[in-house]
Amino acid sequence: MRFILANKWILITGASSGFGAAAARAFAAEGAKLLLGARRMDRLEKVANDAKSAGSPEVHFHKLDVSKTANVNSFVNWARRKMGGGTALDVLINNAGGALGLDTVAQGKDEDWETMLQTNVLGVLRVTRAALPLMMNNPGGSILNIGSYAGHCAYEGAAAYCAAKAGELQITRTLRLELNGTGLRVSSIDPGLAETEFAFVRFKGDAVRAKKIYEGVNPIQAEDVADILVWVASRPAHLNIDEMLIKPLDQASMHKIFRRAVK
Ligand code: NDP
Ligand code: 8X3
């Protein structure tokens, strides 16, 4: 039987844009209650309003920086209070992250490497450690970690990002072993080229360069990933979707992307 998401509590990191914001709307449409975190409060507020309109009975949002342990812990304490002091968290979506720069290792910048590892790797560990006590008595619950095709396949200029997402995949696999027998499910959802703010952030606000990444391609949309997250979390409780690699049809491999002529 489908795992029913209505009135379940869902915590989403990086909910202010892209996959996280779309996931908030998609879980809201299932009638789930939402706890949303990210650094940009104005954006979170808008996502929260959209989620309420989409049908969520309860939506809360709070500032979260996954690169800081103290901030993560206080965010999760806030989440516990919003759930009435209980431990009813059913779905944790570790989505906050991204890439910075496209420099070769020879040209790489410490601050970019450090941010990528802080958010995509240590952020997942920190948030999961803090949230697990809220999930342990909720069989059928899910931890959904957003990985990437980059965790499976290297490409030039992405050493730290590929390493970070390969790290996320191994964290997911480790958690599945550690949580075996608890009833909790653990998945890595690994998209390829997707049109969000990802490239704009990677290229540090260079919108022209960011747009070129998607030129002539039909990329994944944030809503596609959100649909898949809902599908994975709502599988019958005895099933675990371990890993899902999702690519646009146009992206046959990291280095073979079909691009239509742009007029
Ligand atoms: P976006 O840039 O649109 O979203 C990234 C989200 O992460 C934002 O909500 C941002 O919020 C949040 N975030 C970043 N750093 C932190 C932080 N330190 N603390 C809390 N939140 C943070 O990109 P996507 O939606 O595409 O990215 C979501 C995830 O998907 C990332 O992990 C990314 O690596 C991954 N991914 C993306 C792909 C793509 O091609 N788009 C493909 C495969 C995976 P704020 O800035 O407000 O804090
Ligand atoms: C983002 C996907 O292929 O641009 O995680 O690295 S890719």
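In the predicted model, Ala38 contacts Gly14, Ala15, Ser16, Leu44, His62, Lys63 and Leu64, its neighbours within four places in sequence being left aside. Ala38 belongs to strand 2. The residue is buried, and its relative accessible area is 5%. Between Ala38 and Glu243 lie 25 Å in space, C-alpha to C-alpha, and the two are 205 residues apart in sequence.

Beyond its neighbours within four places in sequence, Leu34 touches Trp9, Ile10, Ala24, Phe27, Ala28, Ala51, Ser56, Glu58, Val59 and His60. A second, separate core holds 29 residues, among them Leu64, Met83, Val127 and Val186.

The largest nonpolar core has 38 residues. Within this core, the members that touch the most others are Ile10, Phe27, Leu34, Leu36, Ile93 and Leu229. Strands 1 (9-13), 2 (33-38), 4 (89-94), 5 (142-146) and 9 (243-246) each supply two or more residues to this core. Helices 1 (18-29), 2 (41-54) and 8 (222-233) do likewise. Helix 1 contributes the most, with 8 residues. In soluble globular proteins, nonpolar side chains tend to be buried together.

Val105, Trp113 and Leu117 make a nonpolar surface patch of about 260 Å². Trp113 sits in helix 4, which spans residues 110-135. Its relative accessible area is 32%, so Trp113 counts as partly exposed. Ala38, at 5%, is buried because its value falls under the 20% cut-off.

How values were computed
Residues are numbered from 1 along each chain as its sequence is written. Chains are lettered from A and ligands numbered from 1 in the order in which they are written. This is a predicted model: local features need pLDDT of at least 70, side-chain atom pairs count only at pLDDT 80 or more; totals for chains, interfaces and linings use all residues. Side-chain values use heavy atoms; hydrogens and water are left out. Patches are made of residues with over 30% relative accessible area and no salt bridge: like charges are joined within 9 Å, nonpolar side chains (Val, Leu, Ile, Met, Phe, Trp, Tyr) within 5 Å. Accessible areas come from the Shrake-Rupley method with a 1.4 Å probe; for residues, only the protein chains shown count as cover. A salt bridge is a side-chain nitrogen of Lys or Arg within 4 Å of a carboxyl oxygen of Asp or Glu. Helices (H or I, at least four residues) and strands (E, at least two) are DSSP runs, numbered from the N terminus. Buried means under 20% relative accessible area, exposed over 50%, partly exposed in between (1.4 Å probe, protein chains only). A nonpolar core is a set of buried Ala, Val, Leu, Ile, Met, Phe, Trp, Tyr and Cys residues joined through side-chain atoms within 4.5 Å. Contact means heavy atoms within 4.5 Å.
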